[in-house]
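Trainee: Could you take me through one part of this protein slowly, and show me how that part sits in the whole?

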Amino acid sequence: MKNLSLSVFIGLLFSAIGTASLFMTRDPLMAAIWLSFGNGLILSNLRFSKPDAAGNLVAAPIPKVRFYVGIGLIIMAVVLLGVQVYTDMQQV
């Protein structure tokens with residue numbers, strides 16, 4: 001439990017909001033924004049523990065690929081938010 005940081009908890013919250021909004025509002029773009037941001041936070045900050053040579057549990061470093069995919073998901077959420085704002089402005 002000590003490997004979970006505040007940003008991982010926020011990511012879990014955003015992912016839960018995205019899933020709930022998909023089921024309640026049936027708006028896939030809004031759900032994709034929440035899910036993309038939440039999953040990006042989880043991927044870029046979640047640390048796993050593994051035993052070292054002495055048998056002690058140590059936090060393994062975050063792999064660069066997982067970190068870059070998480071950052072990419074956060075960027076995609078911002079782009080999707082821009083698309084959502086653009087489509088909302090076109091309907092007015």
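Mentor: Let's begin with a term: the radius of gyration is taken over C-alpha atoms, and the globule rule is 2.2 Å times the number of residues to the power 0.38. For 92 residues, a compact globule would come out near 12 Å, but this protein has 17 Å. Its C-alpha trace spans about 65 × 25 × 15 Å along the principal axes. Please keep in mind that this is a predicted model, where local features need pLDDT of at least 70, side-chain atom pairs count only at pLDDT 80 or more, and totals for chains, interfaces and linings use all residues. Residues are numbered from 1 along each chain as its sequence is written, and side-chain values use heavy atoms, leaving out hydrogens and water.

Along the sequence the pattern is α-α-β-β-α, with helices (H or I, at least four residues) and strands (E, at least two) being DSSP runs numbered from the N terminus.

Now for our close look, at helix H2. Helix H2 covers residues 28-45, 18 residues in total, and reaches 25 Å from its first C-alpha to its last. That is close to the 26 Å expected at 1.5 Å a residue, where the expected span is 1.5 Å times one less than the number of residues. Among its buried residues are Ala-31, Ile-33, Leu-41 and Ile-42; buried means under 20% relative accessible area, exposed over 50%, and partly exposed in between (1.4 Å probe, protein chains only). The buried residues of H2 pack against helix H1 (6-25) and helix H3 (64-91), with contact meaning heavy atoms within 4.5 Å. In the whole protein, buried residues make up 24% of the 92.
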